[in-house]
Amino acid sequence: MHIKPSNIRFTHDSIKNRFSCNRSLQYTYGELYNERITPYDIPTLTVTRIDGLWFVFRGNRRLWVYRKLEDRGKLHTIYVEVTDESIPRRRFTTTNEGREIVLRGSYHLEHSPGSTVWARLSNESDEQSFLDTWSKEAQCVALAIDTSGYFMRWRDGQWRYRGLPEDCVDCINDRKDSTHPEYVAFGSRERYFVRFEDGSSQWYADSHSFNRAAKIGKKKGAPKSLPKMVAFGPSGGWWILRDDGSSQWDDLPDSLMEELRNVQSSASFVSISTSGGWFAIINGSWKYRDVTNTSITDTVADEEANYRDIHRMHFGGEPD
């Protein structure tokens, strides 16, 4: 059945500001607010009836997120499952009949989630152009490694670039069918990867292993699982995420390789600096290692102190 979140009462008096997977409530709120996911991507709330009122049986933290979204007009009702089970007394800790709940720890939802961007490019005019161009509707962002430039594409299909290597510009502009690029990635030594709206791709990489991996799915009779996302590492290393969620990699920084080898880990985003620092989204949570640039680490520390999550981190050409 569907019901307004505001018509469901809490059963706890307080909740942690993170889910059991260590993802913050604000991060999930931001993903829903910006429509990167929907409530159907999240486990369904279970509710029960007590004295004619609906109480959440399981999912107080999810209910908190949904109520905030309802407050801002981002959703009106959610789908819930109903149970006849009684709520154990030890779990029914609300002191105000479930009308309100205390979130333990700070949170910031007053500004549109996902609307803050930190950027530093080596060329001041390129940096200002990037900041002027960026919006929370950006779907793909790529920083050039060998030049101070960028590529950006928005959800409506519009895209823009500035200061890119000549070979990549030719790749983007020389399509005879005028198919638009939907994803771009850059690496050092003029490496690049471009995927177009029709699923086709072009790239340059001085690595036989990358060339073989990128061609999988393009060969006749091969399973149609094309590269969806790419990260280039130092020393010719690379990571590829495919349409079916599978991934391949080679010659990456040791700490990142260790994370990716974990059979329980599934990376949905990877970014690697020219000096081996990296950022990744693994099992829905963000991690970063071996990043030594203080402007980055200080910014991340400030965001963490305010219980904000990092959605993406992109590295350019200078070390970290």
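Let me start with a contact: Arg-9 and Glu-97 join their side chains in a salt bridge, 3.9 Å from N to O. By salt bridge I mean a side-chain nitrogen of Lys or Arg within 4 Å of a carboxyl oxygen of Asp or Glu. The two partners sit 88 residues apart, with Arg-9 in strand S2 (residues 8–9) and Glu-97 in the loop between strand S6 (78–82) and strand S7 (102–104), so distant parts of the chain are linked. Helices (H or I, at least four residues) and strands (E, at least two) are DSSP runs, numbered from the N terminus.

A word on the source. This is a predicted model: local features need pLDDT of at least 70, side-chain atom pairs count only at pLDDT 80 or more, and totals for chains, interfaces and linings use all residues. Residues are numbered from 1 along each chain as its sequence is written, and side-chain values use heavy atoms, with hydrogens and water left out.

Back to the pair. Is Arg-9 buried or exposed? Arg-9 is buried, at 19% relative accessible area. Glu-97 is exposed, at 51%. The cut-offs: buried is under 20% relative accessible area, exposed is over 50%, and partly exposed lies in between (1.4 Å probe, protein chains only).

How many salt bridges does the structure hold? The count is 11.

Next pair. Arg-162 and Asp-126 meet through their side chains in a salt bridge, 2.5 Å from N to O. This pair also links distant parts of the chain: Arg-162 belongs to strand S10 (residues 159–162), Asp-126 to helix H3 (residues 124–133), 36 residues apart. Arg-162 is partly exposed, at 28% relative accessibility. Asp-126 is buried, at 9%.

Another one. Arg-195 bridges to Asp-243, and their closest N and O atoms are 3.1 Å apart. Arg-195 lies in strand S12, and Asp-243 in the loop between strand S15 (238–242) and strand S16 (247–250); 48 residues separate these distant parts of the chain. Arg-195 is buried at 11% relative accessibility. Asp-243 is partly exposed at 39%. There is a network, too: salt bridges with shared partners join Arg-9, Glu-97 and Arg-99.

Which residues gather in a patch of negative charge on the surface? They are Asp-146, Glu-166, Asp-167, Asp-170, Asp-174 and Glu-190. Patch members have over 30% relative accessible area and no salt bridge; like charges are joined within 9 Å, nonpolar side chains (Val, Leu, Ile, Met, Phe, Trp, Tyr) within 5 Å.

Take Glu-190. Glu-190 is placed in the loop between strand S11 (181–186) and strand S12 (192–196). Glu-190 is partly exposed, with 47% relative accessible area. Asp-206 is 16 residues from Glu-190 in sequence and 9.1 Å away in space, C-alpha to C-alpha. Asp-206 is in the loop between strand S13 (201–204) and helix H5 (208–215). Asp-206 is partly exposed, at 39% relative accessibility.

Last, helix H2. H2 covers residues 60–71, 12 residues in total, and reaches 16 Å from first C-alpha to last, close to the 16 Å expected at 1.5 Å a residue. That expected span is 1.5 Å times one less than the number of residues. Why is H2 largely enclosed by the rest of the structure? Because 10 of its 12 residues are buried. Among them are Trp-64, Tyr-66 and Leu-69, along with the charged Arg-62 and Glu-70. After H2 comes Gly-73, with a positive phi near 75°.

Definitions and conventions: Areas by Shrake-Rupley, 256 points an atom, 1.4 Å probe, with all protein chains shown as cover. Charge placed at Lys NZ, Arg CZ, Asp CG, Glu CD.
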